Every structure is written in structure tokens, then in C-alpha cells.
Amino acid sequence: MDLPEDREHLLGRRSRRPIPGVKFVAELEGVREVSLTGVAELDYWRRQLAPEGLVPLEREGQAQVLIVAADATFRGLRFQEMSFSVLAARSEDAGTHGAFLVQAFNSRRFFAFCERWWFKTPYV
């Protein structure tokens, strides 16, 4: 799977460049992370992303997906997190790539609540 050139933003790698549209970012040390890439049904994701003004990135007739699982500590609290995203681009600007977060899970209810409330993250 080919990820965009600036994939550090998608995969949470260290970068000093600001992420457009993101006001708050927490940097965590000692994170253990696994990132998996895969494919999904393209037509389904075209329909799902259209209301958001997005189109899925396509490779060999399939939508590209990203699954990330992490084990980390924030302010002394250990937690685990898992997210499922579809790689996408804005309909009018297919040259700018990003990831549409479909669903996320966090082992700390308070962390999930904060991200749902402040950032509208689709946590369960």
C-alpha cells in the first residue's frame, strides 16, 4: 500500500510541522504502536465519504484502510487505543491526502469522553 509522502501525520510519527485544522496535539513518549494497512470495498466508501466531501484513495480498485493499535502512557495513566481509518482526499483537491477516522476505541473512558467532546472523535 502506498501512503502519502507526509504519512508521518497519518501514523503519528514525530514531526514539527503543524497538522492543518488540529489545534491540540499531545506528544507521548514510549508509545508502542502497530499500524496495519489493508483494502476495503471502494464503492461502499465512495458512498460513505461523499457527504463529507471526501473520496477514498484507490489502489487496484480498492479503498485503502489503516488500522492503528497503540499502548501508551499520558500523565502517568497507561492506556490502549485502536483506530480504524480510510485514507481519503477532499473531492475538490485530490492531491491532498489524509485519513478519515471511522471508529476509535480507548481503554480509558475519560480519554474517550474528552476526545468525543472536544474533537468529535468517533469513540465507542
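Because the model is predicted, local features need pLDDT of at least 70 and side-chain atom pairs count only at pLDDT 80 or more, while totals for chains, interfaces and linings use all residues. Residues are numbered from 1 along each chain as its sequence is written, and side-chain values use heavy atoms, with hydrogens and water left out.

**Overall fold**

The protein chain contains three helices and six strands; helices (H or I, at least four residues) and strands (E, at least two) are DSSP runs, numbered from the N terminus. Read from the N terminus, the order of elements is α-β-α-β-β-β-β-β-α. The chain has 124 residues, of which 27% count as buried. Buried denotes a relative accessible area under 20%, exposed over 50%, and partly exposed in between (1.4 Å probe, protein chains only). Among contacts (heavy atoms within 4.5 Å) with a separation of 6 or more, 46% join residues 24 or more positions apart.

**Aromatic pairs**

The structure holds five aromatic pairs. Rings of Phe, Tyr and Trp (its six-membered ring) pair if their centres lie within 6.5 Å; planes under 30 degrees apart count as stacked, over 60 as edge-to-face and the rest as tilted. Two of the pairs are listed here.

| Pair | Centre distance | Plane angle | Class |
|---|---|---|---|
| Tyr 44 and Trp 45 | 5.1 Å | 90 degrees | edge-to-face |
| Phe 79 and Phe 111 | 5.1 Å | 85 degrees | edge-to-face |

Phe 79 lies in strand E5 (residues 77-90) and Phe 111 in helix H3 (residues 109-119), so their pair ties together parts that are 32 residues apart in sequence. Phe 79 is buried at 7% relative accessibility, and Phe 111 is buried at 12%. Ring pairs also bring Phe 74 into a cluster with Phe 79 and Phe 111. In the other listed pair, Tyr 44 is partly exposed at 34%, whereas Trp 45 is buried at 14%.

**Nonpolar cores**

In soluble globular proteins, nonpolar side chains tend to be buried together. A nonpolar core is a set of buried Ala, Val, Leu, Ile, Met, Phe, Trp, Tyr and Cys residues joined through side-chain atoms within 4.5 Å. The largest such core has nine residues: Ala 40, Leu 42, Trp 45, Leu 49, Leu 54, Ala 63, Val 65, Val 86 and Ala 88. Helix H2 (42-49), E4 and E5 each give two or more residues to this core, and H2 provides the largest share, three residues. Beyond its neighbours within four places in sequence, Ala 40 touches Trp 45, Gln 62, Ala 63 and Val 65.

**The surroundings of Asp 71**

Asp 71 belongs to strand E4 (residues 62-74) and is buried, with a relative accessible area of 13%. Its side chain forms polar contacts with the side chains of Arg 78, at 2.9 Å, and Gln 80, at 2.7 Å. A polar contact is a pair of N or O atoms within 3.5 Å; within protein, one must be able to donate a hydrogen and the other to accept it, and residues adjacent in sequence count only if both atoms are side-chain atoms. Leaving aside neighbours within four places in sequence, Asp 71 is in contact with Gly 30, Val 31, Arg 32, Arg 78, Phe 79 and Gln 80.
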